[in-house]
Amino acid sequence: MSPLLILVMFELQLLLVQKDVNHYTIYKKRRCFLWKNQYFQMDIYEEPCHPRCRGLIILETYTTLLDKDLELPGFLEIIKEITNDGNYSMYKLSKKDSDEVNRVPPSPRTDGVPETITDGVV
């Protein structure tokens, strides 16, 4: 076995020990695009997921512009501003309800897409 493979396996074991059983893994597809010289990230949440994430799409941008000067893409229907809403943080979106903690988690993905764990704040 190569030293690099041993190192990767060791790092994976370290990460698995730190897995928080009180949270689901978040699966999302990220689409990044430029519109009128502004960079946007659109996260599309995918199954398996907690019901609170079903059908959820979050648009995110980083800017120094004031709210009144930021122009959002006209081809998207923006339903709600969530910038300061903690309910849309990765922590809250992935949190298991208290009665779910000891339940069997949703089945892992079977489409060959590698599992990605995300815990940033939107």
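A residue is called buried when its relative accessible area is under 20%, exposed when that area is over 50%, and partly exposed in between, as computed with a 1.4 Å probe on protein chains only. By this rule, buried residues make up 25% of the 122 residues in the chain.

The structure is a predicted model, in which local features need pLDDT of at least 70 and side-chain atom pairs count only at pLDDT 80 or more, while totals for chains, interfaces and linings use all residues. Residues are numbered from 1 along each chain as its sequence is written, and side-chain values use heavy atoms, with hydrogens and water left out.

## Fold

Two helices and three strands are present in the chain, and along the sequence they follow the pattern α-β-β-β-α. These elements are DSSP runs numbered from the N terminus, with helices (H or I) of at least four residues and strands (E) of at least two. Contact is defined as heavy atoms within 4.5 Å. Of the contacts in the chain with a separation of 6 or more, 57% are between residues 24 or more positions apart.

## Nonpolar core

A nonpolar core is a set of buried Ala, Val, Leu, Ile, Met, Phe, Trp, Tyr and Cys residues joined through side-chain atoms within 4.5 Å. The largest such core has 10 residues: Ile-26, Tyr-45, Cys-49, Cys-53, Leu-56, Ile-58, Ile-82, Tyr-88, Met-90 and Leu-93. In soluble globular proteins, nonpolar side chains tend to be buried together. When residues up to four places away in sequence are not counted, Leu-93 touches Ile-26, Tyr-45, His-50, Arg-52, Cys-53, Leu-56, Ile-58, Asn-87 and Tyr-88.

Asn-87, one of these partners of Leu-93, lies in the loop between S3 and helix H2 (90-94). Its relative accessible area is 48%, so Asn-87 is classed as partly exposed. Beyond four places in sequence, Asn-87 is in contact with Lys-92 and Leu-93. The C-alpha atoms of Asn-87 and Arg-52 are 9.9 Å apart, although 35 residues separate the two along the chain.

## Cavity and pocket

Both kinds of space are found on a 1 Å grid over the protein atoms alone: a cavity is a set of points where a 1.4 Å probe fits but cannot get out, a pocket is an open set with protein on both sides within 12 Å along at least five of seven lines, and lining residues have an atom within 4 Å of a point. Grid points are joined across faces, edges and corners, and a volume is the space filled by probe spheres set on the points. For the linings, Ala, Val, Leu, Ile, Met, Phe, Trp, Tyr, Cys and Pro count as nonpolar, Asp, Glu, Lys and Arg as charged, and the others, Gly among them, as polar.

One cavity of 30 Å³ or more is counted, and the largest cavity holds about 30 Å³ of space. Its lining consists of Tyr-24, Thr-25, Ile-26, Tyr-27, Tyr-45, Glu-46, Cys-49, His-50 and Cys-53, of which six are nonpolar, two polar and one charged.

The largest pocket has a volume of about 790 Å³. Among its 23 lining residues, Leu-59, Ile-78, Lys-80, Glu-81 and Ile-82 lie nearest the centre. Strand S2 (38-45) and strand S3 (57-61) are the elements that give two or more residues to this lining, and S3 provides the largest share, five residues. By class, the pocket lining has 15 nonpolar, three polar and five charged residues.

## Charged side chains and backbone features

A polar contact is a pair of N or O atoms within 3.5 Å; within protein, one must be able to donate a hydrogen and the other to accept it, and residues adjacent in sequence count only if both atoms are side-chain atoms. Two side-chain pairs are listed below.

| Side-chain pair | Polar contact |
|---|---|
| Arg-30 and Asp-43 | 2.7 Å |
| Glu-46 and Lys-29 | 3.4 Å |

Arg-30 lies in strand S1 (residues 28-35) and is partly exposed, at 39% relative accessibility. Glu-46 lies in the loop between S2 and S3 and is buried, with a relative accessible area of 18%.

Pro-48 is also in the loop between S2 and S3, and a cis peptide bond with omega of about -5° joins Glu-47 to Pro-48. Lys-36, in the loop between S1 and S2, has a positive phi of about 50° although it is not a glycine. Most residues other than glycine have a negative phi, and most peptide bonds are trans.
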